[in-house]
Amino acid sequence: MRKPLSHKASITISSHPMYLGIVRVFLEKLLKLMDLPTYMIEDLKSAVDEACSNVIKYAYKNDYQKPIKVTFTCDPEKIEVVVEDRGLEPADKDFKGRDLSDIRPGGLGMHFIKKAFDEVKFKRIRGVNKLTLLRRL
Amino acid sequence: MELKVEEIETAKVVHLSGEIDLHTSPDLRKALLKMTKQRVTPLIIDLKGVSYMDSSAIATLVETLKAMMAYKGSLRLCNLSPRVREIFNFAKLDKVFRIYDSLQDALSC
């Protein structure tokens with residue numbers, strides 16, 4: 001059967017870290033439909049995992065019962081992942097990873113996100129944080 | 001994530017497998033902190049069965065390394081999958097950790 005050229009799917013999880021694995025499987029299944037190289041699938045999966053982890057840690061301050069919605073859209077030219085939450089607005093510093101030569105625990109998640117995606121955009125609209133991640137193909 | 005601890009000769013070896021993420025890394029952190037409080041050395045972390053590692057897992061290993069440096073302990077990592085190795089290289093941690101291809105190499109260094 002011929003595969004469609006574009007896909008759209010979304011998943012909403014509670015903000016408990018135990019559900020992060022479900023988001024990774026969700027993404028992996030979708031990315032495999034696109035015949036992308038393994039390294040790219042792994043990079044994209046890690047990046048979205050880090051984005052969701054950041055929501056749990058910083059937007060929801062480890063409150064594990066809040067919603068996180070991940071929407072995946074792709075076509076032959078790009079992949080877009082939108083991560084939405086209703087938590088606190090992140091500070092500017094939350095979008096900057098630590099200097100990679102400054103070896104200390106933490107501060108790597110945003111580097112993983114920026115490694116995988118060409119564009120990282122944040123908007124807060126009526127109490128909803130919306131992180132849009134774009135990867136051109 | 002599964003964590004098994006074994007003593008081989010004078011070394012304590014932590015065998016890890018599965019996925020280490022924000023959900024499972026606190027258990028790893030707890031186990032490793034307990035060992036660093038006991039000033040365990042050498043400590044070998046065998047990552048042979050680790051299929052996924054996120055930044056919280058890396059942070060836990062960096063924290064362990066720093067804690068061990070304080071008492072001049074020896075932390076060695078071995079059996080990193082190509083993906084985990086790539087993460088270490090990207091985060092510039094390949095020059096910071098002592099990384100070995102096999103458990104045998106880590107034991108015999």
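Trainee: Is B:Cys78 buried or exposed?

Mentor: The model is a predicted one, and the answer rests on computed accessibility. Buried means under 20% relative accessible area. The relative accessible area of B:Cys78 is 0%, so this residue is buried.

Trainee: How many disulfides does the structure hold over all chains?

Mentor: A disulfide requires two cysteine sulfur atoms within 2.5 Å. For A:Cys52, the nearest cysteine sulfur belongs to A:Cys74 and is 17 Å away. For B:Cys78, the nearest is that of B:Cys109, 10 Å away, and B:Cys78 is in no disulfide. Over all chains, the number of disulfides is zero.

Trainee: Is A:Cys52 buried or exposed?

Mentor: The cut-off for buried is again under 20% relative accessible area. A:Cys52 has 0% relative accessibility, and therefore counts as buried.

Trainee: Which residues does B:Leu61 touch, leaving aside those up to four places away in sequence?

Mentor: B:Leu61 belongs to helix α2 of chain B. Its relative accessible area is 0%, so B:Leu61 is buried. The residues that B:Leu61 touches, with those up to four places away in sequence left out, are B:Leu32, B:Ile45, B:Met53, B:Leu75, B:Phe88 and B:Phe97.

Trainee: What area is buried between chain B and chain A?

Mentor: The size of an interface is often given as the accessible area lost when the parts come together. Here 20 residues of chain B are in contact with 26 residues of chain A. Carbon and sulfur atoms give 63% of the area buried between the two chains, and that area is about 2000 Å².

Trainee: Which three residues supply more than any other three of the area that chain B buries against chain A?

Mentor: Together, the three supply 31% of the area that chain B buries against chain A. They are B:Leu22, B:Tyr52 and B:Phe90.

Trainee: How many salt bridges does the rule find across the interface of chain B and chain A?

Mentor: The rule asks for a side-chain nitrogen of Lys or Arg within 4 Å of a carboxyl oxygen of Asp or Glu. The side chains of A:Arg24 and B:Asp21 form a salt bridge, with 2.9 Å from N to O. Across the interface of chain B and chain A, the number of salt bridges found is four.

Trainee: Which helix gives the most to the side of chain B that touches chain A?

Mentor: Two helices of chain B, α2 (55–69) and α3 (82–90), each supply at least two residues of that side. With six residues, the helix that gives the most is α2(B).

Conventions
Residues numbered from 1 in each chain as written. Chains lettered and ligands numbered in written order. Predicted model: local features only at pLDDT ≥ 70, side-chain atom pairs only at ≥ 80, totals over all residues. Heavy atoms only, no water. Contact = heavy atoms within 4.5 Å. Buried area = accessible area lost by both parts, 1.4 Å probe. Helix = DSSP H or I, 4+ residues; strand = E, 2+ residues; numbered from the N terminus. Buried < 20%, exposed > 50% of the residue type's maximum accessible area, 1.4 Å probe, protein only.
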